[in-house]
Structures are given as structure tokens and as C-alpha cells.
Amino acid sequence: MFSRSKWRVFYAIGLVVTVALLAPSSYAGNVDVAIQNFSFVPEDVTIGVGDEVRWENFDGVNHTSTSDDGVWDSGVIPPGERFEFQFNTAGEYPYHCSIHPMMTGNVTVLQCVCEVDMIPDNPPVQVPQGGSFSYTGILENECNQPMMYDVWVMIRLPDSSLFGPVQLFQNVPIGGNQIITVPNIVQNVPNFAPLGSYRYIAYCGDYPDDFHDTGSFQFTVVSGLNGKNDEWSLSSWFDDTEEIPSEANILGNYPNPFNAQTNITFDVPSTGKAKLEIYNLLGQKVSTLHEGNLDAGRHTVSWDAENVSSGVYFYRLSTDDVTITRKMNLVK
Ligand SMILES: [Cu+2]
């Protein structure tokens, strides 16, 4: 499901009309599980706290969705009917069909999930062999604490095999409930790419198997004389060197809680003086991680808390214009 904040992004981009067409089949939000051919499809799903799983029976016989641990029991789901259950606690939830006990599945409920989307600049995307297309990439943290997610891009080829990752970003830091929108990402299509219909797919989650969400769009490779590209290269979503942030921002620290080292990632919009300090609950300065000139862009500084005791600490980024403070938890 789209969150309200994500809708705002779409409105801002002015592509509301095409959203329905671009909506990928799988979201971190509510998830559909088909009951067909005496199995749960997909067998394993990952959702966030508060999300719903909806089972729909596509078989001609009755089935159930029954928690192994008694958390829920659908009772009989007749052919063509549905059952929904909302998961409000993080954890692993194995389940089965009580009529056919060999039918099993699993729901993983995570405290924190990401969402990813891609919006092509000029849909429908038709690209000549050796040409390129561009799109806006969106990563959203559904969690109210800073997180790191992996983001990667795969391509489903005309022969329906999966190619990639053409790009993999590991441990992308993102603040609590933050949305990172990156416009003008350019994907080059090699001159040897077979003609036909492709699907361009972004994943976010824990590379490679545990993805929380996918976003995708279709593109078509047509014949052309462009011919300058010889690989599936693309410009970066999260490259420090390309993006100058428009304002100072703390993206978060990771891990958090931590023992005894954590990495703090922050943006500064212009080269100049900046200070990054650590304070304890009493407001006493514990450490100065940086003081002095800093280049514009994204920076990650680590704090080694070997010599301080467990507890809540604050880190404070100060520039000429702004002071931002965030909380973190040292657990030893
Ligand atoms: Cu069954």
C-alpha cells in the first residue's frame, strides 16, 4: 500500500495517472497469498508490524490458514473466498492448512521495513539498443527509527530470466520515516541487448533473499543505431559524489542500539565548518568526533564507545546554519 507520504511524492512528480499502471505486484504493506494447487503461494512472506496478510482460495476445495502456534485460525476458506489477518507483533509465524497438514507457509513480521519505487521519466519506455532511459528512484523507511537497507536492481529479460544485480547498494542509511527521492537515474542499455519486452525491478531489504518490497516498470528495447553502450551500466542512486544535499541532515546511526561502535551518517550542504559531538543524558559532552572544515556531501563517522557505560547518548551536528540532535542507545 502507498503511505500518505508516498502519495505526496507522486503528486509532486505529477504522475498520478500512471501510478496504477506502475504499481508493482508486491508491497511491504498488505500481502496477498494465493492458495492454489494445494500450496500457499508465496510460501514465505515478509511484512511489517501492522500489515495484513490476505489469503485467497483459488482451488476447487476447502482449505484453511491455521497458525501453528494458535495465533489465528481462518476456519474453512471455501473456493473463491478470502481470509485476512493483521499482524501486530514482530516475529515468525509458521502456519498450515488444517485439512491438508502438508500445506505449510510462513509469515515473517519485521519491526522495520522499507519500500522502494521507480518512476520512469518518459513512459512507456522505448529504448534503442545501445541507448538509455532515466527514472526517479524512491526509497522509504516505514520505521520511525534510522535504519539501513540494501537496495538492488535486477532486469527481467525477454526470455524471462533474471539478470543482475545491475546495481547493488548495501547498507543505505535512511532516517526514521524518511523518503529519499533520487531523480534522473540513467540506465544504459547495451547494444547487444535482445529486442523485446523487459521488466526493470528494484528491491529493498536484506540482499539477496530477504526483500521487503519491489518496484518495477516495463521497458521495450527496439532496434536502433545508437550503439554506444556496451554494458548494463547505470548512474548511481546513492553515490556520495553525485548528490549534494540541499540541507544539513542526520541520516541516522547504525547499528542502534549498538555495542560498542556505531556509524553516524549525515549530510552537509556546503563546504564549511561543522561539528559532530556526543553528549550524555546529563548534557555533558562525552566526545567530539569532528570539528573543523568539512566538504559538502555525505559523511559517515564512527564512534567507538568502548570506554563509556551503557545508556542513552545524543549526537549533535552543528553547522553555521543549523544544529541537529539525535538519540542513540549504547547497550553493553
Ligand atoms: Cu488445504
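Which residue takes a positive phi in the hairpin of S12 and S13? The legends below begin with that hairpin. This is a predicted model, in which local features need pLDDT of at least 70, side-chain atom pairs count only at pLDDT 80 or more, and totals for chains, interfaces and linings use all residues. Residues are numbered from 1 along each chain as its sequence is written.

**View 1. The hairpin of S12 and S13.**
Ser-160 takes the positive phi, near 65°. Five residues lie between the two strands of this hairpin. Strands here are DSSP runs (E, at least two residues), numbered from the N terminus. S12 and S13 run antiparallel and are joined by eight bridges. Two strands count as paired if DSSP finds at least two bridges between them. Met-147 stands opposite Ile-174 in S13.

**View 2. Strand S12 and its partner S15.**
S12 also runs antiparallel to strand S15 (residues 196-206), with seven bridges joining them. Val-151 has Cys-204 in S15 as its bridge partner. Strands of a sheet pair through backbone hydrogen bonds, either parallel or antiparallel. S12 is mostly covered, with nine of its ten residues buried. Buried means that 20 or more other C-beta atoms lie within 10 Å of the residue's own; exposed means 12 or fewer, and partly exposed lies in between, with C-beta atoms placed from the backbone.

**View 3. The largest nonpolar core.**
This core holds 49 residues. Val-116, Leu-139, Tyr-149, Ala-202, Tyr-203 and Cys-204 touch the most other members. Strand S12 (residues 147-156) gives the largest share, eight residues. At least three residues come from each of domain 1 (30-110) and domain 2 (114-222); these bounds come from an automatic or database domain assignment. A nonpolar core is a set of buried Ala, Val, Leu, Ile, Met, Phe, Trp, Tyr and Cys residues joined through C-beta atoms within 7 Å.

**View 4. Around Ala-202, and a second core.**
Leaving out residues up to four places away in sequence, Ala-202 touches Val-116, Met-118, Gly-137, Val-151, Val-153, Thr-214, Gly-215 and Ser-216. Contact means that the C-beta atoms of two residues, placed from the backbone, lie within 7 Å. A second, separate core has 14 residues, including Ile-264, Ala-274, Ala-305 and Leu-330.

**View 5. The loop at Asn-177.**
Asn-177 lies in the loop between strand S13 (162-174) and strand S14 (179-188). Asn-177 counts as partly exposed because it has 14 C-beta neighbours inside 10 Å. Its C-alpha atom is separated by 5.5 Å from that of Cys-143, 34 residues apart along the chain. Not counting residues up to four places away in sequence, Asn-177 touches Asn-141 and Asn-144.

**View 6. The loop at Glu-43.**
Glu-43 sits in the loop between strand S2 (39-41) and strand S3 (44-48). Glu-43 is exposed, because 11 other C-beta atoms lie within 10 Å. Glu-43 touches Gly-105 and Asn-106, with residues up to four places away in sequence not counted. Tyr-95 is 52 residues apart from Glu-43 in sequence and 9.9 Å apart in space, C-alpha to C-alpha.

**View 7. An open sheet of four strands.**
The order is S2-S1-S4-S6, and the pairing is mixed. S2 and strand S6 (82-86) stand at the edges with a single partner strand each, so one side of each is left without a neighbour in the sheet. The twist averages 25° from one strand to the next; axes are lines fitted to C-alpha atoms, and angles run from 0 to 180 degrees between N-to-C directions. Strand S1 (residues 31-36) and S2 run antiparallel, joined by three bridges. Ala-34 stands opposite Val-41 in S2.
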